Amino acid sequence: MNRFMAAAVGALAMPPLFFASAASAADCGEVVMTEMNWKSSQVVTAVAEFVLEQGYGCDVKMVASSTVPALASVAETGEPDIVTELWINGAPSYAKMQAEGKITTLTDVLSDGGVEGWWIPQYVVDEHPEAATLEGILANPELVGNRFHQCPEGWGCQRANASKGEAAGLEEAGIEIFQHGSGETLAASIASAFENKEPWFGYYWGPTAILGKYPMHKISLGEYNEEIHMCDTDPECPTRGQGLSEYPVGPVKTVVTTDFADKHPQAAAFMSNLSFTNDQMNGLLAWMDENEATAEEAAVHFLTTEKDLWMSWIPEEDVKSTLAGFF
């Protein structure tokens, strides 16, 4: 990893350049940006940090955070200026703050949204096309090893899967619900299945390194029904397990304070364009995993190999010219 570390130190840790004039760059000043405590967000912020510092002359200060505390901090202190990869399904204050004009939503930073669902390995479908649907699995449970890999106890998905599994009739079809003790063992079970070309059936989510490394087929649970899905997550709901709904796609946004958007329209315009598909992010996370790389090293890998893509996010030609020489 030495060459990647050297690149990260050289490109991401150097002081900002002045792209147009000293006054222009100095006007940007300090920008406070979240670094959420999951890997995809950390990659996003590392890429954004590089462009904001080296292209726009900002002095970016990173703060560790997560969804609810980040918005609470904005409400109370006006910082951070930029909240990257905000999963708004888990942010009850988002709509109110948006309506009050405290925050401005710039983009869907994960253009496909966050995905959750039930999956099987693609090689199982290739060999047994009947396993491509829930109906086919229920009729042929041996094709998935007669087992459903469930989320760890205490995770929100554990509660939802239990209700969806009851509605689907998994246990009645002879499918054991295997309760994993941690996210690590859930991921390891997929890796082991692929290594040995064995059946696997269960819950997973993305973007993740797992979905980037291993070709998986998503099993449809039907149309999304908000009432049914919300009941799935509520242990007190009287009709839990009586209807089947797909998981919703989770909107994942980049949000800035309205003050930042007003004062830094050019930087905000760049952040409005910074967006990854799930396939792109899955691939980056898989690269991180395979190379035991940090988020900064993954950002350098992305900036080096996808120059046309990230250059297209930058509206100003003078900024592009400044950044062109780095990679």
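**Disulfides.** I looked up the link of Cys151 and Cys157 first: it is left-handed, with -125° about the S-S bond. The sulfur atoms of this disulfide lie 2.2 Å apart; I count as a disulfide a pair of cysteine sulfur atoms within 2.5 Å. Cys151 and Cys157 are both buried, where buried means under 20% relative accessible area, exposed over 50% and partly exposed in between, with a 1.4 Å probe and protein chains only.

**Basis.** I am working from a predicted model, in which local features need pLDDT of at least 70 and side-chain atom pairs count only at pLDDT 80 or more, while totals for chains, interfaces and linings use all residues. Residues are numbered from 1 along each chain as its sequence is written, and side-chain values use heavy atoms, with hydrogens and water left out.

**Remaining disulfides.** I find 3 disulfides in the structure. Cys28 is joined to Cys58, S to S 1.9 Å. This link of Cys28 and Cys58 is right-handed, with 90° about the S-S bond. The pair links distant parts of the chain, 30 residues apart: Cys28 sits in helix 2 (residues 22–28), and Cys58 in the loop between helix 3 (39–56) and strand 2 (59–65). For these elements I use DSSP runs numbered from the N terminus, helices being H or I of at least four residues and strands E of at least two. Both Cys28 and Cys58 are buried.

I then checked Cys231 and Cys237, which a disulfide joins at 1.8 Å, S to S. Why is the disulfide of Cys231 and Cys237 left-handed? It is left-handed because the torsion about its S-S bond is about -100°. Cys231 is buried, and Cys237 is buried too. Counting bonded cysteines along the chain, I note the pattern 1-2, 3-4, 5-6.

**Cis peptide bonds.** I went on to the backbone. Most peptide bonds are trans, and most residues other than glycine have a negative phi. The bond from Glu79 to Pro80 is cis, with omega near 10°. I place Pro80 in the loop between helix 4 (67–77) and strand 3 (82–87). Gly206 and Pro207 are also joined by a cis peptide bond, omega about 10°. Pro207 is in the loop between strand 8 (202–206) and helix 10 (209–213).

**Positive phi.** Glu85, which is not glycine, has a positive phi, near 55°. I find Glu85 in strand 3, and it is buried, at 0% relative accessible area. Lys197, not a glycine either, has a positive phi near 50°. Lys197 lies in the loop between helix 9 (183–196) and strand 8. Is Lys197 buried or exposed? I read it as exposed, with a relative accessible area of 56%.
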